[in-house]
Amino acid sequence: LVPRLRPFTSTIFAEMTALAQRTGAVNLGQGFPDTDGPVSMLETAKKSIDDGLNQYPPGPGTPALRQAVSDHRKRYGTTYDPDTEVLVTVGATEAIAATLLALVEPGDEVVLFEPYYDSYAASVAMAGATRRTVGLVEDPTTGRFGLDVDGLRAAIGPRTRAVLVNTPHNPTGTVFTRAELEAVAALCVEHDLLAITDEVYEHLVFDAHEHVPLATLPGMAERTVTISSAGKTFNCTGWKIGWLCSTPELVAAVKAAKQFLTFVGGAPFQPAVAHALNHELAWVEALRTSLATKRSRLSEGLAEAGFAVRPSEGTYFITADVRPLGFTDGAELCRALPERIGVAGVPVQVFTDHPDQWKHLVRFAFCKKDEVLDEALRRLHKLT
Ligand code: PMP
Ligand code: GLN
């Protein structure tokens, strides 16, 4: 393996899921739902297979899905031409990788907010670029992880090419505020940076929080590649249908990289996701409400079990401080938990370049049936 990929030999999700399976643990590690998406979406996929949509779809994605993505982005007030400004990808993961491969040169720097979703660091490395991380900062009163604007300003230098922003944020569950994103936008404009956004949890936002796409802010549409996918919105993480929206020039550039990564993918799933985007947003709203309740159920349960729980404003995830339980290292705890009490979580430190600063936090997923969450909590109570 080439040296620049040696830090990325296995993912924490694969490791923890395998451990959970081996030990029969309740898996609150890897974030995937344990119920299916909207029935009409599943039926559309089945019908697509029966109708013979089993060969290569068009390179940029099936027209119906590109149109549906374009229509969906109108909810934020942005317009994208489905023919030139939308590209369908094999999940958000490919969209992120193709964007970096197409737009970032070896030696360029890409700013990531820490903790960061694991594929970002690997994709930056595959592009031959260097990551600069800016830690999110915990509010001492609320425990919310917010954006460090001064830290971002300090991380930007002459080699900085792009800033990658994930909101709603995995693993902290933070939904960045308009003010936070305005500060990012101002720095991107000032330093003429590309912005790449990962908005896969765009619909999974709780309470009064609002998802603000960075591309909607002044000066940003022309410099932002907006990425999302169907997996989290429609409970179909295994379908790997994602997309990106940007200017014709940036989309054409990313397409050049994408066509030699996978060319295309998911032919029968693309019409199904188009159908879901067009007709199943009420289903998504019910999902959002249900996840907000699950978030509270797991937060309260973790607090009762002795964790110091951080607020989760969106996503599938809660982070919890393990120190009140007498532990100091989340990675050690996560490797022991399945065997010891039968629960799997993910240590936050693996999403960072500064494990010492983050090692007291463990991430738990709440995108599970209530009885699964309750069983996990029953087991976690044994820690005290
Ligand atoms: N970004 C974030 C923040 C994620 O949590 C995930 C995991 N679903 C992805 C990207 C990958 O998305 P996809 O499965 O569509 O590739
Ligand atoms: N996005 C999911 C998570 O954060 C898992 C994705 C994966 O397994 N690569 O848990």
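This section describes the domains, the nonpolar core, the ligand surroundings and selected residues of a predicted model.

The domain assignment divides the protein chain into two parts. Domain 1 comprises 3-37 + 282-383, and domain 2 comprises 55-279. Their centres, taken over C-alpha atoms, are 24 Å apart. The contact between them draws 33 residues from domain 1 and 34 residues from domain 2. On the side of domain 1 that touches domain 2, at least two residues come from each of α10, β12 (317-321) and α12 (355-358). Helix α10 gives the most to this side, with 5 residues. By class, this side of domain 1 holds 15 nonpolar, 10 polar and 8 charged residues.

The largest nonpolar core contains 112 residues. Within this core, Leu100, Ala162, Ala195 and Val273 touch the most other members. Helix α4 supplies the largest share of the core, 8 residues. Both domain 1 (3-37 + 282-383) and domain 2 (55-279) give residues to the core, so it lies between them. Leaving aside residues up to four places away in sequence, Val273 touches Leu65, Ala230, Phe234 and Ile241.

The shell around ligand 1 has 14 residues, of which Gly91, Ala92, Thr93, Asn170 and Ser229 come nearest. Helix α4 (residues 91-103) provides the largest share of this shell, 3 residues. The shell around ligand 1 divides by class into 3 nonpolar, 8 polar and 3 charged residues.

Helix α13 (residues 370-380) was considered next. Its buried residues are Leu373, Ala376, Leu377 and Leu380. These residues cover an arc of only 100 degrees around the axis, which puts them on the same side of α13. The elements that cover the buried residues of α13 include β1 (26-27), α10 (281-304), α11 (330-341) and β13 (343-344).

Arg153 is found in helix α6 (residues 149-155). Arg153 counts as partly exposed because it has 14 C-beta neighbours inside 10 Å, where a buried residue needs 20 or more and an exposed one has 12 or fewer. Arg153 and Ala18 are 135 residues apart in sequence, and their C-alpha atoms are 40 Å apart in space.

Gly326 sits in the loop between β12 and α11. With 9 C-beta neighbours inside 10 Å, Gly326 counts as exposed. Gly306 lies 20 residues from Gly326 along the chain. The C-alpha atoms of these two glycines are separated by 9.6 Å.

Conventions:
Residues numbered from 1 in each chain as written. Chains lettered and ligands numbered in written order. Predicted model: local features only at pLDDT ≥ 70, side-chain atom pairs only at ≥ 80, totals over all residues. Near = placed C-beta within 6 Å. Helix = DSSP H or I, 4+ residues; strand = E, 2+ residues; numbered from the N terminus. Nonpolar A, V, L, I, M, F, W, Y, C, P; charged D, E, K, R; others polar. Core = buried A, V, L, I, M, F, W, Y, C linked by C-beta atoms within 7 Å. Domains from an automatic or database assignment. Contact = placed C-beta atoms within 7 Å. Arc of directions from axis to C-beta.
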